[in-house]
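Visitor: I'd like to learn how to read the contacts and cavities in a model like this one. Could you take me through it?

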Amino acid sequence: MLKILHKSIRLCVIASLALAISLSQLSASSKIAIGMQQEPTSLDPTADATASIDGMLSHNVYESLTTVNESGEVLPALATDWQVSADGLEYTFNLRQNVKFHDGSAFDSEDVLFSFQRAMAEDSVNPTKKIFKPIENVFAPSSHSVVIKLKKKDAFFLFNMAKGDASIVALESSTSNNEKPVGTGPFIFEDWKRGDRLILAKNAEWYDAQSVSLEKVEFRFISDAAAATAAMLAEELDAFPGFPAPELLEQFEADPRFKVTIGSTEGEVILAFNNKKPPFDNLNVRRALSHAINRDEIIDGAMYGRAVPIGSFYPPHGAAYVDLTDVYKYDLEKSKELLKTSDLEIDELSLRVPPFPYATRSAEIVQAQFSKVGIDVKVENVEWGFWIDEVYKKKNYDMTIIAHTSPNDLGNFARGPKYFYGFDDEAYNDLYAKIVGETDPEKRRELIEQAQRYLTDKAVHGFLFQLPKLGIFKNGIDGFWKSAPVLYQPLRGISIN
Amino acid sequence: MAFFIFRRVANFITTIFVVSIIVFAAMNVLPGDPALTILGLDATEDALESLREKLGLNEPLVKRYLFWVGNALRGNFGVSHSFSVPVSELIIERLPLTVSLAISGMICTIILAFFLGVVAAANHTRSGDWGVMIISQLGIAVPAFWLSILLVLLFAVKLRWLPPGGFPGWESPAEAIRSLIMPTLALTLVQSAVLARVTRSSMLEIMRQDYIRTARASGFNSRRILWLHTLPNALIPIVTIIGMQFAALVTGTIVIENVFYLPGLGKLIFQSISNRDLPTVQALVMLFAAIVIIANFIVDIAYSFIDPRLKERT
């Protein structure tokens with residue numbers, strides 16, 4: 001009897017040990033630590049533009065009516081499907097049913113109405129309020145459908161509705177989302193130690209929870225590139241999907257513990273000319289300077305060869321991309337000749353650069369390149385707040401280097417004389433209006449191609465390169481997007497093997 | 001003594017007042033629009049205007065200053081523009097880390113510097129002295145952030161003894177202490193170099209005094225002369241430097257906290273300045289100023305303990 005008891009106890013111990021080990025393996029293998037360079041100041045994407053809020057929370061904690069996949073294609077999210085009226089002005093969204101917010105309250109059309117009205121209101125502080133501008137009104141025929149009427153056709157409407165700025169939030173939690181975000185998504189917010197880390201846990205009640213393999217996600221905020229490298233090498237982190245320093249990639253590529261991916265972001269890096277201000281109001285000067293730019297040298301020097309050159313303002317991974325890098329070939333003779341025909345005395349140009357490594361490094365190379373055609377460039381490294389105020393707001397600059405990271409941002413050139421480009425072109429404005437109004441994908445693609453050619457022809461800016469998305473991952477981690485068509489990164493597709 | 005304290009308090013209030021005006025003026029004269037920094041480059045003009053209104057940025061400067069001072073006197077430092085939570089909450093959250101770092105840095109600095117300084121003085125013109133002088137010269141020359149990176153590469157990446165950065169919070173004390181070892185070391189190594197030199201020269205000065213010679217002639221053992229007769233009398237210049245170094249340590253945390261990604265006040269002030277978060281920057285600069293003034297005040301009090309003759313004079 002005693003023997004049997006002993007045996008069964010031993011069996012129990014072994015079984016529970018085995019269970020404990022397998023459980024601990026499960027929890028160890030489904031927990032991930034992700035490095036983020038930018039630290040958020042708020043957790044509400046509908047009131048703060050900080051990209052890392054979207055990067056961590058959009059489509060993970062918060063959801064929108066639609067979502068976007070890695071190739072930029074619009075997919076259903078909180079809306080299961082939608083119908084568009086024949087005139088392209090009325091969108092009827094059917095909402096997903098039996099969805100709950102993380103605080104337990106039910107999701108229905110009231111929440112959608114609230115979110116849109118809040119974003120569209122006069123006192124709204126939504127960072128991309130302009131995506132709501134085409135909306136005439138929103139109403140809910142039933143608790144699980146919503147109709148949105150537009151003032152005019154908007155080809156980007158469904159894509160824009162996937163943005164974090166269009167997240168669906170509940171009335172009760174909308175004011176506390178900045179500290180304690182409540183959404184409907186596959187991950188529930190757990191904790192935020194400001195300045196250090198943010199923790200999410202899997203939402204077991206999400207409608208497709210079985211497809212989510214991560215149980216816990218920890219974002220760690222590390223802004224310094226050397227510190228980020230050390231944290232990866234010490235295996236404190238499992239992934240750094242937006243690694244800040246191309247110059248440090250080599251050691252990870254050589255290390256068998258890691259996998260490195262080099263993709264593309266939506267960020268076009270431009271040498272912006274203040275088109276309003278002489279000598280940049282002269283087309284020949286802009287063309288001359290475009291010929292004086294050696295993109296390959298800039299990419300080698302500033303990005304350690306890890307970027308793709310661009311000849312216009314459109315990402316090379318986009319479906320409508322046209323390669324225009326050959327229009328202004330690096331040609332010093334041509335550049336000098338064009339400068340001569342413009343008949344202008346250019347003594348010194350200022351180049352005010354924001355504190356981003358891609359910009360400060362490129363600036364020095366541009367300075368050296370322009371000196372070869374007899375133009376002195378004074379590089380001024382300024383702080384971000386100063387850049388926003390002096391360059392962006394007051395347009396007090398000759399040239400600057402900046403990446404435009406929003407998707408579908410050809411509209412920047414149609415923002416008129418108030419925008420810091422100082423580019424005001426009737427023909428382009430008409431062309432862009434056509435792009436926005438064209439809902440046929442094939443025709444829209446042609447128009448977008450036309451727009452790229454137009455901007456290159458006018459040499460509005462010096463088009464340099466597409467900002468790369470550099471990712472470093474521990475072996476066995478899969479599912480991170482290589483390129484970033486939007487600011488967010490869905491965590492539900494990520495797995496650890 | 002009462003008059004001494006009264007004078008000090010009056011001094012404190014005047015300094016804080018002057019600092020408040022300078023900080024307020026500097027942050028408002030500095031180019032940069034807080035609303036644009038928060039809402040980003042895609043924001044529409046009306047959204048920016050709503051936010052400026054909400055943050056109270058449209059009021060005249062003097063009115064904003066008086067409003068801020070009035071609230072601050074009642075202990076209300078306003079709401080952070082970028083974090084949208086009370087500034088006092090942000091500070092309370094992060095103060096313990098920075099204070100622990102500065103205090104542990106100070107203690108280690110004093111211990112190391114005293115040891116090195118006394119050893120150097122005792123071995124004046126011999127190899128021990130030269131060794132300490134060379135090491136301390138190196139310590140002064142090496143920037144703290146570079147030293148930090150070397151420490152991380154050795155102890156976190158190579159040996160895996162310590163975490164490369166971050167702070168798990170005081171809920172897990174052992175982990176918290178582990179994560180503060182390297183930052184403390186980085187602060188200590190650089191700061192103690194200066195203090196060791198001051199200790200050494202102050203000790204040498206005292207060792208030339210007649211009473212030390214008398215003590216030696218009376219046959220006291222040299223270790224006792226060194227630690228009990230020379231060091232206490234050499235303290236006045238050392239304590240002055242310690243007071244100044246404490247201020248340097250507190251501001252030194254700005255660099256260290258960024259390298260070791262520690263969520264302390266140094267990292268907060270760095271971030272708040274680039275975010276143009278006026279209320280947070282103002283409160284933090286005032287706090288740093290207060291810490292420096294209080295440290296000097298403690299140094300003054302310490303003088304009268306070290307040298308009772310000073311107490312009579314005040």
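This is a predicted model: local features need pLDDT of at least 70, side-chain atom pairs count only at pLDDT 80 or more; totals for chains, interfaces and linings use all residues.

Visitor: What area do chain B and chain A bury between them?

Guide: Buried area is the accessible area (1.4 Å probe) that two parts lose on being put together, summed over both. For chain B and chain A that's about 3800 Å², with 54% of it on carbon and sulfur atoms. On the chain B side, B:L41, B:D42 and B:Y261 supply 18% of the area buried against chain A, more than any other three residues.

Visitor: How many salt bridges are there between chain B and chain A?

Guide: You look for a side-chain nitrogen of Lys or Arg within 4 Å of a carboxyl oxygen of Asp or Glu. Between chain B and chain A the count is 10. One salt bridge joins the side chains of A:R194 and B:E93, at 2.6 Å from N to O.

Visitor: Which domains is chain A divided into?

Guide: Domain bounds come from an automatic or database domain assignment. In chain A, domain 1 covers 63-166 and domain 2 covers 266-468. Their C-alpha centres lie 34 Å apart. Still, 6 residues of domain 1 of chain A are in contact with 10 residues of domain 2 of chain A. The two domains bury about 790 Å² between them, 61% of it on carbon and sulfur atoms. A:K153, A:A155 and A:F156 supply 66% of what domain 1 buries against domain 2, more than any other three residues. As for salt bridges across this domain interface, the rule finds 0.

Visitor: How many cavities are there of 30 Å³ or more?

Guide: On a 1 Å grid over the protein atoms alone, a cavity is a set of points where a 1.4 Å probe fits but cannot get out; lining residues have an atom within 4 Å of a point. A volume is the space filled by probe spheres set on the points. The count comes to 4, and the largest cavity has a volume of about 60 Å³. Its lining includes A:F116, A:R118 and A:D165.

How values were computed:
Residues are numbered from 1 along each chain as its sequence is written. Chains are lettered from A and ligands numbered from 1 in the order in which they are written. Side-chain values use heavy atoms; hydrogens and water are left out. On a 1 Å grid over the protein atoms alone, a cavity is a set of points where a 1.4 Å probe fits but cannot get out, and a pocket is an open set with protein on both sides within 12 Å along at least five of seven lines; lining residues have an atom within 4 Å of a point. Contact means heavy atoms within 4.5 Å.
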